[in-house]
Protein chains: 2
Amino acid sequence: MAAHLEFPKRNAAYAATFDKGDLALPPAKKYIVITCMDARVEPASQLGIELGDAHVIRNAGGVAQDAIRSIVISQRLLGTREIAVFHHTGCGMLLFTTEHLREVVKDADPGNAVVAEAVDKIDFLEFGHLQESVKSDVKFLQEHPLVLKDTKVTGWIYDVTTGKVSQVV
Amino acid sequence: MAAHLEFPKRNAAYAATFDKGDLALPPAKKYIVITCMDARVEPASQLGIELGDAHVIRNAGGVAQDAIRSIVISQRLLGTREIAVFHHTGCGMLLFTTEHLREVVKDADPGNAVVAEAVDKIDFLEFGHLQESVKSDVKFLQEHPLVLKDTKVTGWIYDVTTGKVSQVV
């Protein structure tokens, strides 16, 4: 069954006991979590983020470079002052290169110039080493001209086999 | 207290009962949820997404245009075949314009050419109408050359005051 057909029933169970309809738009605890889209990652439960507390940005890898638009909106319009970057063990971003993925996409649609041009424009931002990727993302944010200077930036790894986090930076 | 100081204790409570350390990398139910970074949005509980089931992409607004890199990785390397876009009531993206935010950033650091140049390069992808933004994001994905042709794309609105979702497309 298509997944979207299950949303109404599953959501109805959530809504039936929902009692947090008056939370404010700005995150109460003024922080951002950046993490991976990975199916084994679930920031709210794994970090104990309560509804209304934090902005959560997720993309392939939990890559800071891909989050700047969201971070500027979060900091300048909604008052966040702290950023925590979480990458995780077993991440798919460790398993391919941009060059390889471009070939996969082109091979699936041979001779399609529109597809080839579109995929050649994308840097997929993969990484080769987990700890180093966390460190370089923290540094990237600390040095970025659009991230507020007084931002506390930390970097972490979540272990998908144990459910445990450890701080890297 | 800085939020990151609470992560170890909160995570320890999660890890103490963690028993899903053998989940596979590819999402079991082969779908992607794209939604907003908003602090009142929590896709896992609100949609009943179980750990291991789905990729979750989050950015300011839940904007599809900002998710293409992640979607290509998800579809081509990890087998997802369905995308659900969720925007929500009370979204901050309805409350500003790119032009306004660029002024906010420049006014905070007057005369800084590096900041001005960096912020002028960013389209903040705000939207003026909630239902229309969902429809146009669904259309954007259906027509995008790098999104697989057989992808089932649906569009939804989550109501932050009631906890309920409703399908738009």
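This is a predicted model: local features need pLDDT of at least 70, side-chain atom pairs count only at pLDDT 80 or more; totals for chains, interfaces and linings use all residues.
Another salt bridge links A:Lys29 to B:Glu6, with 3.8 Å between the closest N and O atoms. A:Lys29 is found in the loop between helix H1 (7–16) and strand E1 (31–36) of chain A, and B:Glu6 in the segment before helix H1 (7–16) of chain B, so this pair joins two chains. At 34% relative accessibility, A:Lys29 counts as partly exposed. Within chain A, the side chains of A:Arg40 and A:Asp38 meet in a salt bridge of 2.9 Å, N to O, and both A:Arg40 and A:Asp38 are buried. Over all chains the count comes to 18 salt bridges, and six are found across the interface of chain B and chain A.

The interface also holds 31 residue pairs in polar contact. On the side of chain B that touches chain A, helix H3 (residues 68–78) of chain B gives the most, with eight residues, and the residues of that side divide into 51 nonpolar, 18 polar and 17 charged. The contact draws 86 residues from chain B and 86 residues from chain A, and the area buried between the two chains is about 6900 Å², of which carbon and sulfur atoms give 65%. In chain B, the residues that lose the most area to chain A are B:Phe7, B:Met37 and B:Arg69, which together account for 12% of what that side buries.

Attention then turns to the strands of chain B. Six of the seven residues of strand E4 (residues 152–158) of chain B are buried, so this strand is largely enclosed by the rest of the structure. Seven bridges join strand E3 (residues 82–88) of chain B to E4(B) in a parallel arrangement, with B:His87 having B:Ile157 as its bridge partner. Three bridges join E4(B) to strand E5 (residues 165–167) of chain B, and these two strands run antiparallel; here B:Ile157 stands opposite B:Ser166.

Terms used
Residues are numbered from 1 along each chain as its sequence is written. Chains are lettered from A and ligands numbered from 1 in the order in which they are written. Side-chain values use heavy atoms; hydrogens and water are left out. Contact means heavy atoms within 4.5 Å. Buried area is the accessible area (1.4 Å probe) that two parts lose on being put together, summed over both. A salt bridge is a side-chain nitrogen of Lys or Arg within 4 Å of a carboxyl oxygen of Asp or Glu. A polar contact is a pair of N or O atoms within 3.5 Å; within protein, one must be able to donate a hydrogen and the other to accept it, and residues adjacent in sequence count only if both atoms are side-chain atoms. Helices (H or I, at least four residues) and strands (E, at least two) are DSSP runs, numbered from the N terminus. Ala, Val, Leu, Ile, Met, Phe, Trp, Tyr, Cys and Pro count as nonpolar, Asp, Glu, Lys and Arg as charged, and the others, Gly among them, as polar. Buried means under 20% relative accessible area, exposed over 50%, partly exposed in between (1.4 Å probe, protein chains only). Two strands pair if DSSP finds at least two bridges between them.
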